[in-house]
There are 2 protein chains.
Amino acid sequence: MSVLVVGSMAYDSVETPFAKVDDALGGSATFFSTAASYFSPVNLVAVVGDDFDMQDIDFLYHRNVNMEGLVREKGKTFRWKGRYLDNMNDRETIYTELNVFEHFNPVLPESYKDSDYVFLANINPDLQYHVVQQTRHPKFVAMDTMNFWISGSLEQLKRTLSVVDALMINDSEVRDLSGEHNLFTGARKIQAMGPKTLVIKKGEHGALLIHNDSYFFCPAFPVENLYDPTGAGDTFAGGFMGYLAMFDKIDDAHLRRAVVYASAMASFCVEAFSMDRLKSLKNEDIEIRANAIVQMTHVNL
Amino acid sequence: MSVLVVGSMAYDSVETPFAKVDDALGGSATFFSTAASYFSPVNLVAVVGDDFDMQDIDFLYHRNVNMEGLVREKGKTFRWKGRYLDNMNDRETIYTELNVFEHFNPVLPESYKDSDYVFLANINPDLQYHVVQQTRHPKFVAMDTMNFWISGSLEQLKRTLSVVDALMINDSEVRDLSGEHNLFTGARKIQAMGPKTLVIKKGEHGALLIHNDSYFFCPAFPVENLYDPTGAGDTFAGGFMGYLAMFDKIDDAHLRRAVVYASAMASFCVEAFSMDRLKSLKNEDIEIRANAIVQMTHVNL
């Protein structure tokens, strides 16, 4: 099955305590597509400026990513610059230039409208809603969001939440969106807003899947050479949705496996700048890492 | 097998955003013994003042805890008062009155010296070292510590680390003790100081066991009614050591199971003030919770 993703393509400049890079390929749709493409065909919707070098995404053409929904507009591509602090968990934004992304109005090509798996990356919740309205009977719609929309566009966000199956969110966002300190109480409140499946990303502390009443916890792979966390969340989402679409089955067992593969993909992402590690993986690398993650929680009482 | 524990007995006053309690039974040795006693006999070494009400620990006598090493001295019992902030992770100390604990000099009764399993709760590392010197061929010695000793008594702490098998520590202490931001790199540095087994406690984010080169991650049970985190770390240690002593086997499989039972015990601890939930558990309650924790990471690829 195909996975539809609507999100950003960007050039990111990143500084970490150890290294820096300028204008590297980034954006939620790019990270997502790269990761998902290891599992399923991808239909991408994004916008870039006329300064965008299409050769930067040559590898996506070779990885079964359909670019029919990629729009090239007059103007500059979305640019972001950030700096990671010593602990690599906190980051500060140095600048955000929305450029052509400012008036992004995602329109699905006709051939995308029957996509069974849909991922709404972190964009304005009104646009996310508008994307869902353009699809025909998708089997599983997942979305991302961020504190900016939770605090500034809560009603719009709630409308989008009411039409999706899954929300991928980090733990502080669960607290902001639900108004609850307790993660589990907060999660139940969010489930009542619509999505019965939550994937709560906790960075180095792993990820928690809540599917109806079932909890599944997946640790993060112990990465020692943490190089650049940018894109890890979208890469995680790409692994998750790509895996689900591959088996075309939404049940507890498949969702759990999807979280393991999502964690594996995210762990590769952070080992290099941009798509550098992600775009050259072998299936065998992914299997080895997913199995290592499972081994980390293996126990029989 | 018996477990020897050397630590504190105290009266704790605790405020949380939801409730408060004054002079409730506390102390590392008390929480540890209560938890360990569900698995193995315990030999306790601690000191209390002449204001200590021995009826407060009646339940320990009935739970196979040997009190031969409990010293009652003229003066007041160790008292601590703390307040938990909104998120229940951060706390501030309102006062610490060491009282008779200030000159605690643990002396092992002859009958304790052959204990095979030894736990050194968080006390001055010189005292911890002195306790190890009094034992005869223990099979497994574990210790706790805290930032106060890491920053103020590092050389003494390193001497103690060189004679123990396991260190139970939280994630920020790993960073302080190793000087490494990366938890896994830091853990390897600490292993080089002596203990080949580390149990890194991460509160709501679970616990990481590192045994030689093997990693095991155990999630925290999803507690919704988090009432009072005081004593959770010592309760965790009690479950861990009690379980190991029960089977008298130190290998990867038993260490992993011990961490699961440790997490189960800690989750009961935080559901009430003091020993209130811990002291009235049924073995069945513990089994159900340990199995629920294992179920939370169950996945087959």
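Me: Which residues are buried in helix 1 of chain A?
Reply: First, a heads-up: this is a predicted model, where local features need pLDDT of at least 70, side-chain atom pairs count only at pLDDT 80 or more, and totals for chains, interfaces and linings use all residues. Residues are numbered from 1 along each chain as its sequence is written, while chains are lettered from A and ligands numbered from 1 in the order in which they are written. A residue is buried if 20 or more other C-beta atoms, placed from the backbone, lie within 10 Å of its own, and helices are DSSP runs of H or I with at least four residues, numbered from the N terminus. In helix 1 of chain A, the buried ones are A:Ser28, A:Ala29, A:Thr30, A:Phe31, A:Phe32, A:Ser33, A:Thr34, A:Ala35 and A:Ala36.

Me: Why is helix 1 of chain A largely enclosed by the rest of the structure?
Reply: Helix 1 of chain A covers residues 28–36. It is largely enclosed because the buried residues number nine of the nine.

Me: What is the strand order in the open sheet of four strands in chain A?
Reply: Strands are DSSP runs of E with at least two residues, and two of them pair if DSSP finds at least two bridges between them. The edge strands, each pairing on one side only, are strand 3 (20–26) and strand 7 (91–97) of chain A. With mixed pairing, the order is 3-2-6-7.

Me: How many residues of chain A are in contact with chain B?
Reply: Contact means that the C-beta atoms of two residues, placed from the backbone, lie within 7 Å. Helix 7 (183–192), strand 13 (214–218), helix 9 and helix 10 of chain A each supply at least two residues of the side touching chain B. On chain B there are 26 residues in this contact, and on chain A the number is also 26.

Conventions. A residue is buried if 20 or more other C-beta atoms lie within 10 Å of its own, exposed if 12 or fewer, and partly exposed in between; C-beta atoms are placed from the backbone.
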